[in-house]
Amino acid sequence: MGLMSTSVRATHLVTNAAWFGGSLFGAVGLNPAAREPDTERERVEVSGTGWERWGPVQGAAVALHLLSGLAITADNRRRVAGHPPTTVVTLAKTLLTGAAVASSAAAYVYGERLGDASGEDGHPRDPQVAEDARRKLVWLQWATPALTGAVLVLDAALGEQQRGTAGLLDRPW
């Protein structure tokens, strides 16, 4: 395995880890912390500021993850096409990655809607839009880490398919 291949694979894994970790932190840390301020507007501002700061990093991670994934698939095209277990895992990984992109994009859209619908005095400008966005964000905040975590698991499965002889953990004790 050459330096270029290793670099592309490392980029693919590290960017997925950033995407997974950032979205999990949002669900576990940032979003619950944003519920602590007194007014609705302050809550939306805290959450919005955090996501605005993370957004460019996550966007770059997603873009690099997709590009490196394409490069890996192109490099392994014969194996992907000719080895059925690899074909199945690669297809599943592609579908999960697409779903993760969709969930990230949807969370962005509904986060923007919630911010736009929040009023200055703590009362939403458009309560129905704010409530609809909030309801959708409740489950979307967990969709992205679940999907990107599943992609990490499938990356591990693909790595196991390429192993040669049994490793330390495969030996009987």
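Mentor: Let us begin with P124, which has a relative accessibility of 30% and therefore counts as partly exposed. The scale calls a residue buried under 20% relative accessible area, exposed over 50% and partly exposed in between, with a 1.4 Å probe and protein chains only. P124 lies in the loop between α4 and α5. This is a predicted model, in which local features need pLDDT of at least 70 and side-chain atom pairs count only at pLDDT 80 or more, while totals for chains, interfaces and linings use all residues. Residues are numbered from 1 along each chain as its sequence is written, and side-chain values use heavy atoms, with hydrogens and water left out.

Trainee: How do you know how many helices and strands the protein chain has?

Mentor: They are DSSP runs, numbered from the N terminus: helices are H or I runs of at least four residues, and strands are E runs of at least two. By this rule the protein chain has five helices and zero strands, and its pattern along the sequence is α-α-α-α-α.

Trainee: What makes the protein chain more spread out than a compact globule?

Mentor: The radius of gyration is taken over C-alpha atoms, and the globule rule is 2.2 Å times the number of residues to the power 0.38. For 173 residues the rule gives 16 Å, whereas the protein chain has 20 Å, well over that value, so it is more spread out than a compact globule. Its C-alpha trace spans about 65 × 40 × 25 Å along the principal axes.

Trainee: Why are α1 and α5 called roughly antiparallel?

Mentor: Axes are lines fitted to C-alpha atoms, for helices over the stretch in contact, and angles run from 0 to 180 degrees between N-to-C directions. Angles under 35 degrees count as roughly parallel, over 145 as roughly antiparallel, 65 to 115 as roughly perpendicular and the rest as oblique. The axes of α1 (residues 3-33) and α5 (residues 127-161) come within 9 Å and cross at roughly 150 degrees; α1 and α5 are therefore roughly antiparallel to each other. Their crossing is left-handed, a term used if the near helix is turned anticlockwise from the far one by less than a right angle, and right-handed is used if clockwise. Residues making the contact (heavy atoms within 4.5 Å) include W19 and F20 of α1 and W142 and P145 of α5.

Trainee: What makes α1 and α2 roughly antiparallel?

Mentor: They pack at an angle of about 150 degrees, with their axes 8 Å apart. α1 and α2 are therefore roughly antiparallel to each other, and α1 passes α2 in a left-handed crossing.

Trainee: How do you know the direction of α2 relative to α4?

Mentor: The axes of α2 (residues 40-75) and α4 (residues 84-117) come within 10 Å and cross at roughly 150 degrees. That makes α2 roughly antiparallel to α4. Among the residues making this contact are V44 and V62 of α2 and V101 and L114 of α4.
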